[in-house]
Structure formats: C-alpha cells, structure tokens
Amino acid sequence: MNSQNLWQGADRRIYMNEVGTRDGLQMEQAFVPTEDKIALVNALSAAGLSKIEVTAFVSPTAIPALRDGEVVMREIARRPGTVYTALVPNVRGAERAIEALTDELNLVMSVSETHNLCNLRMQRSQSFAALLQVIATAQQAGVPVNVSLSCCFGCPMEGDVPQAEVLAWVQRFADLGVQGVTLCDTTGMAYPSQVHALVAAYKARWPQLGLTLHFHNTRGMALANVLASIDAGADRFDASIGGLGGCPYAPGASGNACTEEIVHALELMGYDTGVDLEQVVAAARALPALIGHDTPSQIAKAGCRLDLHQPPADFAALRERALARA
C-alpha cells in the first residue's frame with residue numbers, strides 16, 4: 001500500500017453516497033412520516049452529498065417503511081450536482097422510479113447463491129434474468145443503471161466468496177453497458193488486505209466502469225476498509241447517516257459505514273469530500289427523534305475532534321490551589 005499518499009490525502013476528491021434514507025430507514029420498525037423523509041433528504045442534499053439513495057420502489061407489503069417512495073422522490077428539493085437514486089427490484093419498480101423522475105436506478109443481487117435465495121427468494125440466474133429486463137427498461141428511457149452486488153467479501157452462510165466469482169459477475173453487467181457497480185460488504189465480513197486486492201483487480205480490469213464500495217461496520221472495520229479501498233484507487237463510497245442499517249441474514253450485524261464518521265476521518269486526513277460535516281452531524285443528531293431510538297454514530301455523541309468543551313466550574317479554584325503549591 002502507498003501509505004504516504006494515503007495518510008496525507010493530498011486534497012484528493014472522495015465522493016460520498018448517502019444510503020441511510022433507503023438502506024437505513026427500510027430496517028426501522030417505526031414509520032418515518034413522509035414530510036420528515038423529504039426534510040431529511042433535503043438536509044443531506046444541502047450538506048453536499050454526491051449521491052443520495054432516496055428510497056426503494058418495491059411492494060409496500062415487502063417494505064412498508066418506504067411505501068411513500070413516489071411522493072418522496074417527486075417532492076424533494078433537487079440540488080444541482082447531487083444524483084438521486086433508488087433501489088428497484090423489477091420492471092414495475094423501474095417504471096415507477098422513472099415516472100417519479102429518479103436520476104439513476106440501483107439494482108441488487110448477491111454473488112452468493114445461498115444469500116440470494118434467502119434475501120431475494122431467487123437463484124442468481126433467475127435474478128440476473130430479471131435484472132436484464134430492468135436494465136433494458138432503464139436504457140430505453142435513458143436512465144443510468146448501477147448494480148449493487150451483495151456479499152462480495154464473504155457470505156455468512158457460505159463463507160469466503162472467491163474473487164474470481166465476484167469479477168465474473170461484474171463482467172456480466174459490464175457487458176450489458178451499466179454505468180457502475182457497487183461491491184457490497186453486506187454483512188461486515190470484509191478486511192483491508194482483501195478489500196485492497198479486489199479493488200485493485202477491478203480497477204485494472206475496468207478502469208472506466210464506475211466503482212462504489214459499500215461497507216458495513218459489523219466488526220468495526222468499515223473505516224479501515226474505506227482507507228484500504230482509497231489506497232487501491234477507489235474514490236466513491238456508500239455510507240449511512242447515523243450508521244443506520246443492517247442485514248437480517250447477519251446475526252448481530254450493526255449498520256452501514258457511518259456517513260459522519262467517514263467524512264470526519266477523511267477530512268482530517270486531507271481528503272476533499274465536498275460534504276459540510278457540521279450539517280451532516282446536525283441531521284444525524286436529529287435522527288433519534290425520528291426513529292425512536294439511539295444510533296451507532298460516535299460523532300453524533302462525542303462531537304468532532306476539535307469540538308472543545310469548557311473547563312469544569314471549579315477550574316479557577318483548582319488553578320489557584322495548584323499555583324499556591326508551586
């Protein structure tokens with residue numbers, strides 16, 4: 001790894017994609033009111049996120065937390081320079097998303113056969129066949145497509161997933177002309193040297209195909225994996241405000257990489273994320289009132305590194321006594 005460039009940052013641009021408004025809120029038991037979802041997306045837009053996964057166009061019985069997807073997508077205030085994307089599982093979802101003026105469609109399947117069956121109730125071949133139709137629908141409408149491949153760094157039921165298997169699935173979608181692929185650490189099994197090797201192999205093979213990394217912090221390695229990815233040439237990352245999210249097929253799994261924690265660390269290292277950290281932290285601190293429980297975010301709790309505090313009330317007396325003993 002080129003640690004000198006990594007630690008110095010050198011003002012390199014890193015693009016942050018916010019997924020909490022979809023990947024995070026879909027896991028919540030409490031329904032967040034539509035107007036609050038819109039306000040949250042608007043706050044994240046104002047903070048300068050490069051891309052926001054606003055919602056999912058799925059059956060309301062499958063994900064009732066996002067049953068207001070059309071309204072949210074249509075009523076958000078769109079900031080020039082921010083891409084507003086949505087998860088779509090099938091052609092009907094794609095049609096709904098396109099009608100709601102979604103900028104990009106995000107498609108999902110797993111590179112693990114077992115995980116794909118558990119999560120999507122289909123074999124990988126069946127998922128691929130269904131996504132072929134979605135891609136054709138999007139391309140006919142002139143809407144870009146990103147494909148998120150789950151379990152690229154391991155499956156909680158199968159174990160390690162060979163790098164060659166991951167790259168073979170990327171190739172299938174690259175051949176279809178998608179704009180980008182997201183390599184997902186769906187259940188937090190990734191580790192830095194593994195991440196570096198896969199990102200380097202991807203960048204060498206498809207230098208012009210968009211690449212996003214999606215890490216979970218299940219085992220506390222999300223930030224380390226982000227840094228390993230950057231060292232291997234990646235510059236775009238999914239993250240979730242407050243660290244919201246998770247996976248039902250990873251017992252004990254915590255949420256996604258936390259937006260404000262990643263931005264805070266990268267900015268200290270000299271990277272340009274284009275994100276107003278103060279605004280993101282403010283939005284993260286408002287989350288518990290929306291979802292009814294605390295979030296994993298350490299920045300929301302402890303503040304940024306140089307958020308200073310007043311000395312204790314008796315500091316003057318302590319100083320005087322110390323001076324008297326000198």
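The side chains of K37 and D68 form a salt bridge with an N to O distance of 3.0 Å. K37 lies in helix 3 (residues 34-46) and D68 in the loop between strand 2 (51-56) and helix 4 (69-75), so this pair ties together parts that are 31 residues apart in sequence. A salt bridge here is a side-chain nitrogen of Lys or Arg within 4 Å of a carboxyl oxygen of Asp or Glu. Helices (H or I, at least four residues) and strands (E, at least two) are DSSP runs, numbered from the N terminus.

The model is predicted: local features need pLDDT of at least 70 and side-chain atom pairs count only at pLDDT 80 or more, while totals for chains, interfaces and linings use all residues. Residues are numbered from 1 along each chain as its sequence is written, and side-chain values use heavy atoms, with hydrogens and water left out.

K37 is buried, at a relative accessible area of 5%, and D68 is buried at 8%. Buried means under 20% relative accessible area, exposed over 50%, and partly exposed in between (1.4 Å probe, protein chains only).

The whole structure holds 11 salt bridges. Three of these pairs are listed below.

| Pair | N to O distance |
|---|---|
| K37 and D68 | 3.0 Å |
| E70 and R96 | 2.5 Å |
| R78 and D103 | 3.4 Å |

E70 forms a salt bridge with R96. E70 lies in helix 4 and R96 in helix 5, so the pair ties together parts that are 26 residues apart in sequence. E70 is partly exposed at 25% relative accessibility, whereas R96 is buried at 14%.

R78 forms a salt bridge with D103. This pair links the loop between helix 4 and strand 3 (83-87), which holds R78, to the loop between helix 5 and strand 4, which holds D103, 25 residues apart. R78 is partly exposed at 33%, and D103 is partly exposed at 29%. Salt bridges that share partners also join R22, D23 and E53 into one network.

Helix 11 (residues 259-268) is mostly covered, with seven of its 10 residues buried. Among the buried residues are I262, V263 and L266. The buried residues pack against strand 1 (15-18), helix 10 (222-231), strand 8 (236-239), helix 12 (277-291) and helix 13 (298-302), contact meaning heavy atoms within 4.5 Å. Just after helix 11, G270 has a positive phi of about 95 degrees.

Most residues other than glycine have a negative phi. L101 has a positive phi, near 65 degrees, and is exposed at a relative accessible area of 56%. C151 has a positive phi near 60 degrees, and is buried at 0% relative accessibility.
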